[in-house]
Amino acid sequence: MKPRLTTPAPHRRGFLAAAAGLLGAATLGGCDRLATTPWGRRALRAGEDANLFVQRLLLTPAALAQEFPDSAISPWFKPNGTIDPQDRDYRALAARRFEGWSLRVDGLVERPQGFSLADLRALPARTQTTRHDCVEGWSAIGRWTGVPLAELLTRAGLKPEARFIVFHCADTMEFAESDAPDSANPDMTVRPEGAENQASDSKAAGAEAPDADAPKGRPIRYYESIDLTDAYHPQTILAYDLNGQALPVSNGAPLRLRVERQLGYKQAKYVMRIEVRDTLAGIGDGGGGYWEDRGYEWYAGI
Amino acid sequence: MAAGTARATDDVVETVRRRWTFRHPLVIRLAHWINVICLVILLMSGLQIFNAHPALYWGDASTFDRPFVAITDDQTDDGTARGLVSVAGRSLDTTGWLGLSNLNGEPTGRAFPSWITLPAHQDLATGRRWHFLFAWAFVINGLIYLVYGIGSGQLRRRLVPQGDQWRGLGSAIREHLTLRFPEGQEAKRYNVLQKLTYLVVVAGLLPLMLLTGLAMSPGVNALVPLPDLFGGRQSARTVHFLVMNLLVLFVIVHVLLVLLSGLWNNLRGMLTGWYVIERRALPAVPGDDR
């Protein structure tokens, strides 16, 4: 048989391969820098968009988060994030067991109104034993009782422009440097107190606990948001009981959100006010939540 | 010899001392290298995510005081910090590697060291974004590979051992242990251990990574009770981690064997498609009277 070919230079190919390998390593080393460029950040967000698109495509309102028998309830429901808000007004409320407290529902609604704990308990209730999945990776199972968010929204009556439900909470996560009136959480009933610090579990998602000696600025309290799809899901409730007992302060008393098809940081604790909005712009940095404004996904279904 | 030209596998070109066989079609080569990138980023960002809560459990919920695996740091009686890995209650000192490692020159409590996590510093949010973006790339790439591989018959030819190979299983194991690799005609196909290993990875470990990954999603869980397949969400997370270890082990062995059985030939094969079998190892070729 006649040779049809001359031998190509394997060394050249080898060199190219090695060069490709080096380039790969350099790219990986540059990953961190890439992720800080605007383009890189936008590209990295494509995964969240795909997750939201596919899960919204497949998840109907009838798709319920898994519920568990009471025997599966965790002996200790790990409190995370803020576990003991130091805000003076919140402490006053907690001291009198939230007597006189009321949940405000306002924004793009026909009938803004307030609900006391007694009002909320008198409304139709839902009890669900579900698994709480923290973004860090751990899970805990608890039995929640509360009023479906849809009940409150129906009573308040959404305006046609309504698209998002924003939850304003009582717990200060950190103090912003400026005293600008543009606040993430402007209409809190609670005023900051100069000497107070907050018990934020900084391990929650890598947050720096504010330095007690630092000059205090405007408090940034926890805030979260969901859209109407999740707001009207039957398992989306505002829980006032955990495992048959009044919600403890560490788990978000007097009221916390449960959005069972999403991760733990969406389950806002210490909810003081529900605001119906047409956009998330103007709340914090516009990401839709305290952690969202610090890089976490707004859609936390994965 | 343009690599991009459409070629059937097993195209053979004879040269003076070598037989060139076209081994890897373009789709398989592309899928291979895209997979390399995906798995490296998934591994490093996955370890970043693990670092946010460096403990593993069995069941639906976490049993915080009794983890199956935990990577922690503590102080010994004389006040020295150390890193610890505990598995099922037994601890091992892993200072410098796991639990406690240097970050910018400072010993830092950290499950996996910064040189192997993405991002290098502790940043769960960005780690998750890397992980999910490249999980999508991994899935799409894997689907293209599977559709092409099954449709073209490549997957069966490449990965399913033929009858005679099953009979030679024993001797194949012996040859592998002594690092003797098939030559000549036999080198044209993957040997039986190679086929079985690739089959386990392609049909077992990689799909298992996807399933256990999806099982951790509360959204997916509302659609299908995937965690139940593995005994609960925390079990799925533990399996995800263990299978990751098996994949790392596979890659180490794979790269070692690539090195030992002819780095340049293997690398050329996966880059251009062409693989060389030395002629001295071939049976006499009819008509070749030189």
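Predicted model: local features only at pLDDT ≥ 70, side-chain atom pairs only at ≥ 80, totals over all residues.
Chain A contains 8 helices and 12 strands. Of its 302 residues, 41% are buried. Among contacts in chain A with a sequence separation of 6 or more, 77% are between residues 24 or more positions apart. Chain B comprises 10 helices and 9 strands, and 32% of its 290 residues count as buried. For contacts in chain B between residues at least 6 apart in sequence, the share joining residues at least 24 apart is 59%. Along the principal axes, the C-alpha atoms of chain B fill a box of roughly 80 × 50 × 35 Å.

The contact between the chains involves 52 residues of chain A and 46 residues of chain B. On the side of chain A that touches chain B, at least two residues each are supplied by α1 (10-29), α2 (31-34), α4 (46-58), β4 (126-133) and β5 (139-148) of chain A. The largest share of this side, 7 residues, comes from α4(A). Its composition by class is 27 nonpolar, 13 polar and 12 charged residues.

Chain B is divided into domain 1 (26-54 + 114-281) and domain 2 (61-111). The centres of these two domains, taken over C-alpha atoms, are separated by 29 Å. Their contact takes 6 residues from domain 1 of chain B and 8 residues from domain 2 of chain B. On the domain 1 side, α1 and α9 of chain B are the elements that give two or more residues. The residues of that side divide into 2 nonpolar, 4 polar and no charged.

The largest nonpolar core has 78 residues, and those with the most contacts inside it are Leu103(A), Leu152(A), Phe167(A), Cys169(A), Leu238(A), Val271(A) and Phe134(B). Helix α1 (residues 26-52) of chain B gives the most to this core, with 8 residues. Because domain 1 (26-54 + 114-281) and domain 2 (61-111) of chain B both give residues to the core, it lies between them. Apart from this core lies another of 7 residues, including Leu214(B), Ala215(B), Met216(B) and Val220(B). When neighbours within four places in sequence are left aside, the contacts of Cys169(A) are Arg221(A), Tyr222(A), Tyr223(A), Ala268(A), Lys269(A), Tyr270(A), Val271(A) and Met272(A).

Helix α6 (residues 192-215) of chain B has 24 residues, which at 1.5 Å a residue should span 34 Å; the end C-alpha atoms are 33 Å apart, in agreement with that expectation. A kink of about 35° in α6(B) is centred on Val201(B). The buried residues of α6(B) are Val192(B), Gln194(B), Leu206(B), Leu208(B), Met209(B), Thr212(B), Gly213(B), Leu214(B) and Ala215(B). These buried residues pack against α2 (124-151), α4, α5 (169-177), α7 (218-223), α8 (226-230) and α9 (233-260) of chain B. Helix α4 (residues 163-167) of chain B includes Arg167(B). Arg167(B) counts as exposed because 12 other C-beta atoms lie within 10 Å, and the criterion for exposure is 12 or fewer. The C-alpha atom of Arg167(B) is separated by 37 Å from that of Gly231(B), 64 residues away along the chain.

Several backbone features were also identified. Most residues other than glycine have a negative phi, and most peptide bonds are trans. In chain A, a cis peptide bond with omega of about 5° joins Ala253(A) and Pro254(A). Pro254(A) is placed in the loop between β10 (245-246) and β11 (256-258) of chain A. In chain B, Leu118(B) and Pro119(B) are joined by a cis peptide bond with omega of about -10°, and Pro119(B) lies in the loop between β8 (106-110) and α2 of chain B.

Tyr270(A), which is not a glycine, has a positive phi of about 55°. Its place is in the loop between β11 and β12 (271-277) of chain A. Tyr270(A) counts as buried because 27 C-beta neighbours lie inside 10 Å, the threshold being 20 or more. Asn104(B), likewise a residue other than glycine, has a positive phi near 50° and lies in the loop between β7 (99-103) and β8 of chain B. With 8 other C-beta atoms within 10 Å, Asn104(B) is exposed.

Key
Residues numbered from 1 in each chain as written. Chains lettered and ligands numbered in written order. Contact = placed C-beta atoms within 7 Å. Helix = DSSP H or I, 4+ residues; strand = E, 2+ residues; numbered from the N terminus. Nonpolar A, V, L, I, M, F, W, Y, C, P; charged D, E, K, R; others polar. Core = buried A, V, L, I, M, F, W, Y, C linked by C-beta atoms within 7 Å. Domains from an automatic or database assignment. Expected span 1.5 Å × (residues − 1). Bend = angle between axes of the 7 residues up to and from the residue.
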